[in-house]
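Please open the model in your viewer and keep the selection panel at hand. The tour goes from one selection to the next and says at each stop what is there.

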Amino acid sequence: MRVRVLVFGELSTRLGWSLDVEMGEAPTIRGLLKLLSDRAGASIRVDGGVTVLVNGRNVNLLGGLDTELRDGDLVVLLPPLSGG
Amino acid sequence: MERTVWIVRDHLRCTGCRRCEIACSLHHEGRIWPEASRIRIFMPFPGVEVIHLCAQCDDYPCVEACPVEALRVDERTKAVLVDREKCTGCGACIEACPGHIPFLHPGDGKATICDLCGGDPECVKVCVEAGYRAIYAVEEEVNVNRKLFARPPLEVAQDIAVNLYGEKGLEVI
Amino acid sequence: MKGWSGRLLRVDLSKGKCVVEEYPADLAMRFVGGRGFAVKLLWDELPPGADPLGPENLLIIAAGPLTGYAIPSSGKLVVASKSPLTGGYGDGNVGTRAAVQLRRCRLDAVVIKGRAEKPSYLVVEGDRVEIRDAGDLWGLDAFKAEDKLLEEHGRDVGVLLIGPSGENQVRFATVVSQRGRAGGRPGMGAVMGSKNLKAVVFKGDEEPEAADPQKLRELGREAYREITEKPNYDFWRRQGTMATIEWCQENSTLPTYNFREGVFDEADAISGSTMERMVVKQRGCPNCNMICGNVIEDAEGVESELDYENVAMLGSNIGVGDLKKVAVLNRVCDELGLDTISAGNTLGFAIEAAEKGLLDIDVAWGDHEGAKRLLEDIAYRRGEAGELLSLGVREAAERLGGGASDFAIHVKGLECSAYDCHLCPGMALSFGTSPIGAHHKDAWVISWEISSGRRAEYIPEKADKVIEFQRIRGGMFECLVTCRFPWIELGFELDWYPRFLEAATGVSMSLDELLTLGDRVYALIRAFWVREYGGEWSRRMDYPPRRWFEEPLTKGPLKGAHLELEGYDKLLQAYYDKRGWDERGIPTRETFRRLGLESEARQLERFVELH
């Protein structure tokens, strides 16, 4: 089961802009973030301001960290941004 | 005793031809751009040419003054090097220099200071080649007061004028 | 006084008189500087009801006690006046050498009134002030005019000037500097033009003496180093604010087709990542080490300095999906001295009006050549469309009729900047309550709102957050006059600022006092609006555009989203309650008293009853 992850901002310097991630049984956002945090060598936390979208919708509007992922889902990680 | 390259300046030999400005800008900018030359010749009064160039003061007040640590001293050549990425163009180094020798680059506004061309200065080559030797390189002993050579051009010009014209020199500048 | 110079310059262009005077220490203690000085001076000295484009209006240029010192991002000043676009308080801030040079003339502010008989410019050189003839500058675009001034007065002088649109008093003409820095969205450039004032040149030699110069220098050094060590510093240096394009696209907040949608098909082509591959140089404000001006070569081969607002408003908002073409429009606005945000918004309005058969112009979505021609018509007020659109979307819509006001995207007459708020009530509140009309500078809460995961809700915490940001960004930073970016973009801590202030001035103001300053300034600005609008003032002026309530998004993952009026009503009420403003949005007597504005309140009572 594979999801596509797009990464924006500073995290992209650690993970690249776009990656395909293989996940095992019953994959959730929580599991994905743990996997990516390990890979990035930095903690990726929703309560730390990182916005996580699944197929364009914020995970907080779905099931939070327990949001289930399906094959082919697009996950986007956005930094807390403040420009303008 | 350390040996480094230092540029001696002999104002009375300077004819104002400005080959040095051409050579410097060609080397650093890739084109003839006297406004961006690190060595600048001023002529406050006809016949009175002042060579204005970093003297690598022993205490490097410019480096000391920079609030963003964009200036440092090259270990080998002892020249001042500017990190253009860090420089914010604030002008503190210019203020700190007793002769106001650094300037803000006409292109990007960053502090611009002679870097001795890495140890083989171009300006010296053309001046010596022309036979003037108003500037020439020496391997200098460290205990010379460099600050004598970092003075505002008008002050230097006054001294030169007095040299050339005697006391009348003070009237022309 | 230390830190503050204690001096301001008064210029009367009608009489040709320039006088430097000392201002009372009380002004500095209560209002600190920048926007604080501007609103207080305007309150005290501008006759209510004055014509913004008449000689009575005051143009104020104000710095603060930190401006110009070698501390992070202190090279900014505020330009302010009564706005010809909105009829209320208008200001902006500009990052420019002029900020540093103004302070090196040992001046904290300049107050300009009257009108010169013929095109003129001001030269402020140390203690000498001259009004000079600008005959050979008038008519030149802002780039050429500035080049001439730098040739004449020296490369290191600071210049504030206007382009042809300011000369022609286009309502959203700004004050510009250094090829792309600009400020005064609500027509401060038009005010300058109405005074026949082409430029102000500053050249000084020494900043006001600091209370503890050694300490200030040390703090500055530490601060600059601290900034470069922040985790986001390197990425910021790569894209500046342009990273916001992708962020907004992903969150459906990128203004598209006149704020009809929040996603743009060609967002990638105008994104920060695309820009990175084209950058030819970077430019920044004086004393800043996190420079954010990224320069590319536009489609005509000319350099153009980009940042998020310009690119979104002149790109996705009008359907131009090619960064080099957007850069042409951006550069043309800078040359003409037009606010890029209002320009992009007005173009979007115009194209929609044409689509609906209300306006006869030959410009379509994505048509950057047509847009460029229209911008020039606006700057020169040429043709029916050029003349109409030069008035700003609120006025243009009113004159057009036919329901055009439904798609005039503004608050209080100032065109919204680049955040589509169909599903961002907090940001909508920010636009609604920004003190100059719709502008994001004061309370950029959209990132917090979306990260919070509760973007669809109308919770009072959002009102609290807007106020928090307004106090910091719209209050403290606008009065110290330093840039908010080190704090908001990189997390540079706010408690540096009281330390800078103490080293500069010897005065110890806690962070809390500096935030209360924000409340004071906001209350006085609100009083100014109410005094100008009188009986026409209503809380409706604090509402965001109708489109976000009544025309849901039709594209993207948030299709169907829209704001809810009842929800917004409650949010606004929570805002008023927290601020101590009554249900009309006017500060109560008690609030004025608490903020030390009793005499201003009494003056306001001649115009409106206070609760």
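Two strands pair if DSSP finds at least two bridges between them, and helices (H or I, at least four residues) and strands (E, at least two) are DSSP runs, numbered from the N terminus. This is a predicted model, in which local features need pLDDT of at least 70 and side-chain atom pairs count only at pLDDT 80 or more, while totals for chains, interfaces and linings use all residues. Residues are numbered from 1 along each chain as its sequence is written, chains are lettered from A and ligands numbered from 1 in the order in which they are written, and side-chain values use heavy atoms, with hydrogens and water left out.

Select the sheet in chain C to begin.

In chain C, an open sheet of 3 strands has the order β13-β14-β15, with antiparallel pairing. Its edges are β13 (281-283) and β15 (303-306) of chain C, each with a single partner strand, so one side of each is left without a neighbour in the sheet. Neighbouring strands of this sheet are turned by 35 degrees against each other on average, direction ignored (axes are lines fitted to C-alpha atoms).

Now select C:Asn294 in β14(C): C:Gln282 stands opposite this residue, and C:Leu306 in β15(C) is also opposite C:Asn294. The antiparallel strands β13(C) and β14(C) (residues 293-297) are joined by 3 bridges, and 4 bridges join β14(C) to β15(C), which are likewise antiparallel. Moving to the hairpin of β14(C) and β15(C), which has 5 residues between the strands, you will find C:Gly301 with a positive phi near 80 degrees.

Next, turn to the interface of chain B and chain C.

Here 14 residues of chain B are in contact (heavy atoms within 4.5 Å) with 13 residues of chain C. The two chains bury about 1,100 Å² between them, 41% of it on carbon and sulfur atoms, where buried area is the accessible area (1.4 Å probe) that two parts lose on being put together, summed over both. Select B:Pro67, B:Glu69 and B:Thr88, which supply 39% of the area that chain B buries against chain C, more than any other three residues.

Finally, select B:Glu95 and C:Arg104, which form a salt bridge with their closest N and O atoms 3.7 Å apart. The rule, a side-chain nitrogen of Lys or Arg within 4 Å of a carboxyl oxygen of Asp or Glu, finds 4 salt bridges across the interface of chain B and chain C.

How values were computed: Axes fitted to C-alpha atoms, helices over the stretch in contact; angles between N-to-C directions.
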